[in-house]
Amino acid sequence: MKPANLFVAVPALLLAFSVSVSADAASSPPGNNQAGTAALADTASAVVPAKAAPVEAPAKASPKTPSVKAASSAKDEIRQVQAWINAEAKRKIADDRLEDFSYRWIQLDDDPELELVAKINDSVRLGHFYVLDRRPNGTYALLTEQPWNVPHLDLERWDYNHFDNPNWSTIPSGEEGKVGGKRLFETLSKSGGTGISVYYAHLWYIENGKFVEAWEGTMLETGSVPGGQSFQTIGQYQIVQTGPVPLLYYWKTMRELDPDSGKPLSSSSVQTEVHVFPFENGRFTSAAAAKN
């Protein structure tokens, strides 16, 4: 290609991408591990995903003819997901809040159909999280609605053994992401109020059409009390499955902070606890804490 032609083609390609970018978030069917990003549109016909399919590269739009059809399909799908949620949820998704609404098609259990997770954030600390399961007629039903402000839908973050290329995995095929036979997922949420901000990790799974929360722990909490004192708790966890019973190790460090600099006041103000939670009866059960 001559240099002059190249300079003409590149802006045209960028224009085509900007018009069809929302189509990448929701094709039909969307495939596994794809997220939907909300966009405003008129209500159109339902777009119902079929069985899980391998992820395919989005079709390239012509530089002169943007993929308007694909973009329209994405908007239709967003409206359909909104309708499924609003049919049963207490917290409805308003039309003027679709820009704050996002969702993801994902395999949550062992059946061949994809499930849906979705979220909408109302403010810095308020929001809702939804999980929907596919019905035999192809529509979707609400399994749970949680009052969680969810930063993102990266549900497999906990599983450090996960590889995109299965050839690198040390976990037997079909057992990836499972704990005690349960396909486990993580959702982070942010909460708080006046003078306090908290991030939680929720571990959960779907079994027999039911939502089960297996564990909840504090990841980061910062707060202040009258008088000017400031405190912080930093937490993290790891799941170990090398023994007969899966174990969740959770450790948290608590410290008092200088309200001006945010640094610990002294080493004596730092305290760390370690908790071990065995996975029993479908949940990580409480255990005694070790302190230092």
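**Entry 1**

I looked up Glu 280 and found its bridge partner in S14 to be Arg 283. The model is a predicted one, in which local features need pLDDT of at least 70 and side-chain atom pairs count only at pLDDT 80 or more, while totals for chains, interfaces and linings use all residues. Residues are numbered from 1 along each chain as its sequence is written, and side-chain values use heavy atoms, with hydrogens and water left out.

I noted that S13 and S14 (residues 283-284) run antiparallel and are joined by two bridges; strands pair if DSSP finds at least two bridges between them, and a strand is a DSSP run of E with at least two residues, numbered from the N terminus. The two form a hairpin with two residues between them, and Asn 281 in the turn has a positive phi of about 55°.

I then followed S13 (residues 271-280) to S12 (residues 247-257): eight bridges join them, and they run antiparallel. Leu 248 stands opposite Phe 277 in S13.

**Entry 2: Val 274**

I located Val 274 in strand S13. Its relative accessible area is 34%, so I recorded Val 274 as partly exposed (between 20% and 50%; buried is under 20%, exposed over 50%, with a 1.4 Å probe and protein chains only).

**Entry 3: Asn 149**

I placed Asn 149 in the loop between strand S5 (140-146) and strand S6 (178-179). Asn 149 counts as buried because its relative accessibility is 5%. Its side chain reaches the backbone oxygen of Leu 126 at 2.9 Å. Beyond neighbours within four places in sequence, I listed contacts (heavy atoms within 4.5 Å) of Asn 149 that include Asn 121, Arg 125 and Leu 188.

Conventions: Helices (H or I, at least four residues) and strands (E, at least two) are DSSP runs, numbered from the N terminus. A polar contact is a pair of N or O atoms within 3.5 Å; within protein, one must be able to donate a hydrogen and the other to accept it, and residues adjacent in sequence count only if both atoms are side-chain atoms.
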